[in-house]
Amino acid sequence: MTADIPANLVRRTAFPSSVSRSVVTPLQPSVVYASPDPDALDDQYEGRAFGYTYSREGHPNATVLAQKIDALEGAEGGWITASGMAAVTATMLGLLKQGDHIVGGDQLYGRSLRMLTQDLPRYGITASFADPTDAAAVEAAVTPSTKLILVEVVSNPTLRVADMEAIAEIAKRHRLVLVVDNTFTTPRAYRPFDHGADVVIHSVTKLLAGHSDAMLGYVAAKDADHRAAIDGTIVTLGLTPSPYDCWMAERGLMSFHLRYDRAEENAALLAEHLAGFEKVARVLYPGRPDHPDHNRAGVLLGPRFGNMVSFEVLGGRDAANALTRAMPDMAFAPTLGDIGTTLSHAASSSHRGLTPDGRQALGIMEGFFRISVGVEDITLLREEFSRGLAALA
Ligand SMILES: *Cc1c(COP(=O)(O)O)cnc(C)c1O
């Protein structure tokens with residue numbers, strides 16, 4: 001050994017032990033975990049002892065985050081995935097096989113729709129779509145090959161509220177796996193496992209993490225066989241999250257309930273403010289009596305009407321451009337659930353793949369905007385939107 005390279009320099013030494021503990025969750029970036037001997041490894045793999053081995057199969061930062069979301073959802077053994085779409089992928093590929101059929105809500109998240117219409121058919125898994133506010137239409141879409149229903153409780157961007165109680169009944173009657181993407185509603189407004197869901201999915205990227213700096217998903221299943229199938233798919237396909245994102249998201253999640261409550265309060269006030277403008281053709285917020293699903297939202301959601309507000313301005317694309325240009329401090333960005341308010345325009349982002357007729361059928365015109373309301377001072381938000389709308393006069 002030479003004096004300038006001490007033995008411990010490149011040794012993977014253990015962390016110093018301490019009688020006091022770190023208050024903050026340690027960030028554990030290790031991809032691999034060392035065991036004392038082969039017997040200990042056997043114990044781990046055979047379930048006699050708990051331990052980590054290789055981070056694609058799980059790591060402490062994912063465990064800590066999963067357990068917190070499990071507690072929010074009333075779930076057990078949920079998994080964190082690399083994105084919300086990874087959670088959708090793990091569910092579909094874990095639970096379905098060639099020849100199976102899915103009934104999906106007709107206004108699912110754009111990438112979920114794409115997966116069901118373009119990707120899964122290549123593996124022999126097909127899908128039909130139905131309006132989830134119309135239980136009869138959902139039931140009519142069920143075929144003898146149907147295995148699974150995928151729904152979102154509140155649709156994007158028109159904020160329609162699915163008839164969840166009836167859909168849960170249909171799933172039970174036909175022995176279908178009911179998968180609920182709870183990203184928009186969050187467990188603050190709706191806990192799918194309390195209402196007959198078999199699998200719950202989240203884009204943790206959105207409201208749960210809440211700061212647009214971590215991309216993650218979550219999936220939990222009620223049934224142990226489903227759980228094993230989804231777990232296996234996550235590990236084999238490598239849908240595992242990065243420890244750093246989990247660490248960031250755990251920190252964000254700690255204020256989730258406070259952010260949600262404040263954003264929801266702001267959303268109701270901002271919806272009211274927008275409704276007062278001549279240039280605003282309509283405002284969509286489930287908490288407003290003029291919303292088509294207001295009564296159902298009141299019963300189903302607690303009533304927790306959420307932080308999402310949509311509205312349409314008169315004047316088409318020109319007006320849409322003028323509005324966003326007059327609000328330079330507000331992030332015009334195709335996401336939701338950030339701590340700050342963001343504004344998105346479906347026709348040029350999430351729904352740009354549809355034809356103008358297809359968009360019109362959903363009520364998404366060129367002047368249609370969706371707001372993910374944040375926790376700012378409501379006075380500031382009112383002023384900002386007033387300035388944006390004044391640009392249309
Ligand atoms: C964003 C989103 C997803 C996808 O999540 P990512 O984290 O972006 O992969 C799925 N469903 C809904 C409802 C979403 O809003």
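This is a predicted model: local features need pLDDT of at least 70, side-chain atom pairs count only at pLDDT 80 or more; totals for chains, interfaces and linings use all residues.
Now look at individual atoms. Start with Asp181. An N or O atom in the Asp181 side chain sits 2.6 Å from a nitrogen atom of the ligand. Next comes Ser203. A polar atom of the Ser203 side chain is 2.8 Å from a ligand oxygen atom. Then find Thr205. Here a polar side-chain atom lies 2.7 Å from an oxygen atom of the ligand. How much of the ligand's exposed area does the protein bury? On its own, the ligand exposes 380 Å², and the protein buries 95% of that.

Across the whole structure, a search finds five cavities of 30 Å³ or more. The largest cavity holds about 90 Å³ of space. Which residues lie nearest the centre of the largest cavity? They are Val154, Phe184, Phe305, Gly306 and Asn307, out of 13 lining residues. The lining of the largest cavity has nine nonpolar residues, three polar ones and one charged one. Where does this lining come from? Domain 1 (59-253) and domain 2 (256-390) each supply at least three residues to it.

Finally, follow the backbone into two loops. One loop runs between strand E4 (146-152) and helix H6 (164-173), and Pro157 is found there. The peptide bond from Asn156 to Pro157 is cis, with omega near -5°. Leu159 also has its place in the loop between E4 and H6. Leu159 is not a glycine, yet its phi is positive, at about 60°.

The other loop connects helix H11 (294-300) and strand E9 (308-313), and it contains Pro303. Is the peptide bond from Gly302 to Pro303 cis or trans? This bond is cis, and its omega is near -5°.

Technical notes. Residues are numbered from 1 along each chain as its sequence is written. Side-chain values use heavy atoms; hydrogens and water are left out. A polar contact is a pair of N or O atoms within 3.5 Å; within protein, one must be able to donate a hydrogen and the other to accept it, and residues adjacent in sequence count only if both atoms are side-chain atoms. Accessible areas come from the Shrake-Rupley method with a 1.4 Å probe; for residues, only the protein chains shown count as cover. On a 1 Å grid over the protein atoms alone, a cavity is a set of points where a 1.4 Å probe fits but cannot get out, and a pocket is an open set with protein on both sides within 12 Å along at least five of seven lines; lining residues have an atom within 4 Å of a point. Grid points are joined across faces, edges and corners, and a volume is the space filled by probe spheres set on the points. Ala, Val, Leu, Ile, Met, Phe, Trp, Tyr, Cys and Pro count as nonpolar, Asp, Glu, Lys and Arg as charged, and the others, Gly among them, as polar. Domain bounds come from an automatic or database domain assignment. Helices (H or I, at least four residues) and strands (E, at least two) are DSSP runs, numbered from the N terminus.
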